[in-house]
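Hi everyone, thanks for making the time.

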Amino acid sequence: MLERISNISLDADFKKSKKRRYSSFKGNLYSRSSFDINDSISFSSASKYLSKANWLLKEFKQSSDDKVVVEFIYRGFYFEVSLDLQRIASIENVMFVIRRDKVVFLDNNPIVASFKVTIGGSNSSQPIQKELKGLEQLFQRFTSLDLESELNIYNYELIDTLLEDIYMLLQSDFSYLNNILLHFLEKQTNKSFKSLFDKNKGADTQLNLLKIKPSRAN
């Protein structure tokens, strides 16, 4: 059924904002940061946690109104994640933009995928490292499409075809990603996420594939 998705031409725009309203650090070492020396303990604790999880942090940005963007590489995927920490207990979704890491995969036409993912219950017993089997299978399907322009939620039947038989694997992947991400942010920002974890205790992680497009498309 996947061949039906090939060569779809749509007009929706997927341009990503590059506004620099954030204090940030980049790479393995924190650079160009607006944080003072009193934040070093937080940095150390957060960076050790990500190192144990084997996530390669590329950039962390936090605006004055607590909008956060985290960019990292894990298991051959490049992630950009955004969420609003202004009212932690009321957070419902995390936005993910994902592509395969070009250093690992020499894709001729790499696909960028955008997801909206709900906050499920935090699981302290969850492994700190895991394979991303759902994302691996999904991006293999993307590669087979020969997609030339954006596919989005208006093509819901085709989106459903892409997710067929792998939705539960993707739930497991994003439950893990959210779990590690939120515990990292708790350490990094010195904010308590207990109210968020308590509110979502026992809840399943749900996801929507919002759009996919070739990274070379305008």
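Let's begin with tyrosine 74, which is buried, with a relative accessible area of 1%. Buried here means under 20% relative accessible area, exposed over 50%, and partly exposed in between, using a 1.4 Å probe and protein chains only.

A quick word on the source: this is a predicted model, where local features need pLDDT of at least 70 and side-chain atom pairs count only at pLDDT 80 or more, while totals for chains, interfaces and linings use all residues. Residues are numbered from 1 along each chain as its sequence is written, and side-chain values use heavy atoms, with hydrogens and water left out.

Back to our tyrosine. Which ring does tyrosine 74 pair with? Its partner is tryptophan 55: the centres are 6.0 Å apart and the planes are at 45°, so the pair is tilted. For Phe, Tyr and Trp (its six-membered ring), a pair needs centres within 6.5 Å; planes under 30 degrees apart are stacked, over 60 edge-to-face, and the rest tilted. Tryptophan 55 is buried too, with a relative accessible area of 7%. Tryptophan 55 sits in the loop between α1 (40–53) and β2 (56–63), and tyrosine 74 in strand β3 (residues 67–74), 19 residues apart. Helices (H or I, at least four residues) and strands (E, at least two) are DSSP runs, numbered from the N terminus.

Phenylalanine 96 and phenylalanine 174 give us an edge-to-face pair, 5.1 Å centre to centre with 70° between the planes. Phenylalanine 96 is in strand β5 (residues 93–100) and phenylalanine 174 in helix α4, 78 residues apart. Both of these phenylalanines are buried. The structure holds 13 aromatic pairs, and ring pairs link a cluster that includes Trp55, Tyr74, Phe96, Phe142 and Phe174.

Now, how do α2 and α3 pack? Helix α2 (residues 133–143) and helix α3 (residues 156–163) meet at about 125°, their axes 9 Å apart. The axes are lines fitted to C-alpha atoms, for helices over the stretch in contact, with angles from 0 to 180 degrees between N-to-C directions. The two helices are therefore oblique to each other; under 35 degrees would be roughly parallel, over 145 roughly antiparallel, 65 to 115 roughly perpendicular, and the rest is oblique. Leu138, Arg141 and Phe142 of α2 touch Thr161, Leu162 and Leu163 of α3, where contact means heavy atoms within 4.5 Å. Within α3, Leu158, Ile159, Thr161, Leu162 and Leu163 are buried.
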